[in-house]
Amino acid sequence: MSTPLEGSNLDQTRHDIQQTRAELGETIAALTAKTDVKTRARTKTTSAAGSLQQRITQAGQSAKTRATQLAHTLSQKASQRATSTKQDSQHIVGTIRGSLTAGAQTTGKAESTLTTSARAAATTKIGSLVHAKSVPVVAATTTAAALVVVAYRRRWFR
């Protein structure tokens, strides 16, 4: 013998109990999650590992970019220095060639002057000796020939 008021109140009480049980289940689940050290540590480890992996990847990309830039810069500097050295070498070689040419011309003139002087001296001496005696003429001719040979050798061995 129940009254309608009691039935309605009973339904309400059952509903409140079910709601309280649901809230209590959620509270217990939250408390369990907070006290589950193993799961929390695993979550933090996974998070830290992901963060570390991301930083490592970024550092690797940054290092690769920097290395590429440095390699390009060094390549440019090496190329510039090689070009500069090549130009300097060409300038030095040109200067040396000019000096050698000038020296050869000067040496040629000196040897030519020396040869001419030797010839003139020999001719003068030969001329005066020919008039005096015939034996000294042979000696003078030999001397003149020796002077010519010496002058000729000097020109070729320098």
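**Exercises on a predicted helical chain**

Read along the sequence, this predicted model follows the pattern α-α-α.

**Exercise 1.** State how many helices and strands the protein chain contains, and determine which helix has the highest mean pLDDT and which the lowest.

*Solution.* The chain holds three helices and zero strands. Among its elements, helix H1 (residues 4-35) has the highest mean pLDDT, 87, while helix H3 (residues 134-157) has the lowest, 63. Over the protein chain the average pLDDT is 76, and 61% of the residues score at least 70. Where pLDDT is low, the predicted coordinates should not be read in detail.

**Exercise 2.** Classify Ile-92 as buried, partly exposed or exposed, and describe its surroundings on the surface.

*Solution.* First, locate the residue: Ile-92 belongs to helix H2 (residues 37-132). Next, apply the cut-offs: buried means under 20% relative accessible area and exposed over 50%. Ile-92 has 49% relative accessibility and therefore counts as partly exposed.

Key: Residues are numbered from 1 along each chain as its sequence is written. This is a predicted model: local features need pLDDT of at least 70, side-chain atom pairs count only at pLDDT 80 or more; totals for chains, interfaces and linings use all residues. Side-chain values use heavy atoms; hydrogens and water are left out. Helices (H or I, at least four residues) and strands (E, at least two) are DSSP runs, numbered from the N terminus. Buried means under 20% relative accessible area, exposed over 50%, partly exposed in between (1.4 Å probe, protein chains only). pLDDT is the predictor's confidence in each residue, from 0 to 100.
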